[in-house]
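Let's take a friendly look at this protein together. Have the sequence and the coordinates ready, and we will start with its surface.

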Amino acid sequence: MLTSTVCAAVSAAGLGIAALTAYRKRFLAATRIAAFSLIPIGLVMTGVIDWVTNIVFKPTVWAGFGLLALSFLLFMISRTVERRRGGIGARKDRKAAGGATPDAVAPSASIPSLGAGRTADRPAGKGKAPQATSAPKDDFSDIEAILKKHGI
C-alpha cells in the first residue's frame, strides 16, 4: 500500500515537471519526462511492484536465493576438483588425442592448416631456399585444405 502511494507521488511529480517543461515550449523534452513519469504508476497498476515487494521482504525467498548460490558453489567446486584430478576431459586424454595426425588436411597443406605445433612433411630440397614466387596452383592449396577440412 505504501509503495503504491510513493509511486503515485513520483508519477504526479513527474507529470508536473513535464507540464512546466511544456509551458516553456520544450515539447519534446516534456513528452520524454511525461513518458518516464508514467512508468512507476504503470508498474503499480500491473502488479509488478507488489510482486517485487513480496520477493524482497519474504525470508523464504532469500533462503531460496541462498540455496541457489550454494548449489552453484558446489557445482563449481566439483568442476575444479574434477579438472585437477584428471576426470572427464583430462589433460592426458587431450594430449593423447592431440598426438593423432589429422586426416582432413591435404597433403600439400600449409603449416597453419595443420594446427599449432605440427610441421608439414615437405620434400627436402637440395639446399636451395624456397622461391618467393610460386606457381598459381600452390596459391590455392590453403583454400583447398580449408574446404576439404569442412567437407566441401
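## The nonpolar patch

Which element gives the largest share of the nonpolar patch? It is α3, with 4 residues. Keep in mind as you look around that this is a predicted model.

The patch itself lies on the surface and is formed by F36, I39, L43, V48, W51, V52, V56, F57, W62, F65 and L68. Together these residues have about 1,200 Å² of accessible area.

## A closer look at V48

One of the patch residues is V48, and helix α3 is where you will find V48. Is V48 buried, partly exposed or exposed? With a relative accessible area of 34%, V48 is partly exposed. Patches take residues with over 30% relative accessible area, so V48, at 34%, passes that cut-off.

## The fold as a whole

Zooming out, you will count 8 helices and 0 strands in the protein. Read from the N terminus, the order of elements is α-α-α-α-α-α-α-α.

## Burial and exposed surface

The protein has 152 residues, and 14% of them count as buried.

Technical notes
Residues numbered from 1 in each chain as written. Predicted model: local features only at pLDDT ≥ 70, side-chain atom pairs only at ≥ 80, totals over all residues. Heavy atoms only, no water. Patch = residues over 30% accessible without salt bridge, like charges linked within 9 Å, V, L, I, M, F, W, Y side chains within 5 Å. Areas by Shrake-Rupley, 256 points an atom, 1.4 Å probe, with all protein chains shown as cover. Salt bridge = Lys/Arg side-chain N within 4 Å of Asp/Glu carboxyl O. Helix = DSSP H or I, 4+ residues; strand = E, 2+ residues; numbered from the N terminus. Buried < 20%, exposed > 50% of the residue type's maximum accessible area, 1.4 Å probe, protein only.
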